[in-house]
Amino acid sequence: MKRLLPLLVFSLLAFPAPGQKLPPGPQVLTFFSDVDDTEQPYAIYLPPGFDETRRYPLVVSLHGAGSNHRLNLRRVFGKSNAGDETDVEASRYFPAWEDVDFIVVSPYARGTMGYQGIAEKDVLDVVADVRRRFPIDENRMYLTGLSMGGGGTLWIGLSRPDLWAAIAPVCPAPPPGTWTLAPNALNLPVHFFQGGADPVVRPEGTRAWVDSLKALDTQVAYEEYEGVGHDSWVQAYEGGRIFDWFARFERNPYPERVRFVTARYAARRAYWLRLDAFTPGTPARIDARFTGPNRLRIDTGALDGFTLHLSGHPRFDAGQALAVELDGERFEVPAADSVSFHRDGGRWQVGPAPARGKRPGAEGPMTAAVAGRHVYVYGTAGEPGEDVLAARRAVAEQAGNWSVYRGPFWGRVMVFPRIISDQEVRPSDLESGSLVLFGTKETNRLIARLADRLPLHLDDAATDRYGLVYVYPHEGHYVLVSAGLPWWHGRDDAFRFGLGVVALQLPGDADFLLFEGSRENLIAAGRFDDAWHLPPEAAEAIRATGVVTLAPTVLPGGE
C-alpha cells in the first residue's frame, strides 16, 4: 500500500478530476502563440453560475499604451486605481465589482506596440482561444478599448466588421490606414467616448470620425466630457455601463447591404462578400445590396475580382437565377452558394479571378514578414574571422531584440523570435514561418541557396555604402532580405520610428527600398506590382547605381 500511495498522488495531480471548472470572476489564462512559441496571457472574466449549455456574449477589451491585460480588465468594469495607487500596484489584484452576464477578455497583446501586426494577430488568437474553450454567441461579440486600444478597436473592428455586433472606441488613437476603412461600419454600431480637454488624443480628431461615420449612414453614438483629459475611460466605463450599451445589439450575419474597403488580402472578407483580386496597398472597395429576391446591385472601385457567398441569406433562393447589376453591366447567372466575378480586358466576366502573383499570404509589404512567425538569420559564409562573425551576429540580434527596454512607461514589447546562423536553420523553419536574412549571397549561405529565386542582389563590395531591403514570397511565407546597411541605419528618432524596436521601423507601405548612406537618402522605394515586378521608374533608378543585380523575373513586364 505504501508503494501505491505515491503513484496515486501523482495520478491525482497529473489528471484533474473530471468536470473540474474554472472559478467565476476575473483571472488570467494563456494561449500558445505560434509567433515565437510562447504562452501569451490574457485576463478573463467569467460570470457567476457559468453554464456550459448556453452561449454567452463576449466583450473583448484592448488596453492602452503603458498598460496591461490585468489593469485593463479592471478598467472596463469601471474600476480605477484606489487613492494614490500606481498602475503597477493596481495590476497586482482584481477588486470586487458588479457581476455581468458576459464573458470579458483583455489580451496583453505584447505590451505597447499598437494593434497591427503581431498584436492584431494576438487579439484574434485570443478570440479564437476563448471560442474554443467557452460557449460563445458568435452574434454577440463586442470590441472596446481605450487610447491605443481605442485605436486598435477601430482598426480591428473596421478591418473585420462582420466579426462584431458593436464596437466602442474610447479616446481612440488609430494606427495608419484606419481612416480609409470608415465605410466598413455600415452594419456596425459605433460608440465613441472622448475627453473634451484631452491633450493626447485631441477631441477634434474623434469628432471628425463621428462626423465621417454619420455621413456614411453609420449608427454612431458620441459622448464628450467637458474638462476631462486623457482618462475619459473613467466616465465611459463607469459602473460597467458599457455592457448595457453592448446588450442592445446583435450581429446580423446576412445584412441586405455590405459596403467594404480593404487594402490587404489578410482582411478581405466581410459578411457574404470576399474580395479576390486587387492591388495590395491600394484600397479596393465594393458596395453590394439586394434590391429584391435574388437581385443585386454592386458598385466597385480598384477591384478586379470578388465572390458572393449567398447560402443562408434570407433574400437568396438557390432554386432561381441570380440577377446582378455590376458597375452598370447586367448579368443573369445560375444560382449557386458561391458566385464569382472577375475583370477581363476591363470588363466584368462571370467566373473566378485568375491567379495572381500577389495573393493571400504573398502580398507584402515588408512588415508582413514580421507580423507572424519568423526567425532572424545571420551569415557565416566567406570564412569570416571572429570579429566579423560577431558583427554579423550583432546586427541580427539588434533586429530581433523586440524586447529592448524603452523606459518605465513604454516598457518592453514582449516578442521573442529566434536569432540563428545560416547553419542552424532547420527544415521546420523554412516550412513554418518567414525568414529575415542578413547579408548577401557571398556572406549568407541561405541567401546563396535561394539566390536563383530572389529578385535583387546587392554587390558584396557595396555593402559598406548601400542598404537594400526587400520582401519576397517563398513557399507560403516570406523572405525579408537586408543586405548592406540595415534598414534602420541613420534613423535615430526612436520615438517616431518604433520606440527603439528596430523591427517596427520597417516601412509598412513598401516592399523594397534601396538607400545610400542612410534611410534619409533613398534611391528607390515602393511596392512591387501585382506580378511581383518592379515599377519601371524604380527599376531604372536601381539599375543606375550599378551595385544591384536584378533578376529578369522582377523587371517590368517580366523581361
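Two strands are said to pair if DSSP finds at least two bridges between them, where strands (E, at least two residues) and helices (H or I, at least four) are DSSP runs numbered from the N terminus. The model is predicted, and local features need pLDDT of at least 70, side-chain atom pairs count only at pLDDT 80 or more, and totals for chains, interfaces and linings use all residues. Residues are numbered from 1 along each chain as its sequence is written, and side-chain values use heavy atoms, with hydrogens and water left out.

**View 1. Strand 3 and strand 5 pair in the parallel sense.** Strand 3 (residues 56-62) and strand 5 (residues 136-146) are joined over 6 bridges, and L62 has G145 in strand 5 as its bridge partner.

**View 2. L124 has its place in helix 4 (residues 118-133).** Not counting residues up to four places away in sequence, L124 touches I156, R160 and L163, where contact means heavy atoms within 4.5 Å. The C-alpha atoms of L124 and P107, which are 17 residues apart along the chain, are separated by 9.4 Å.
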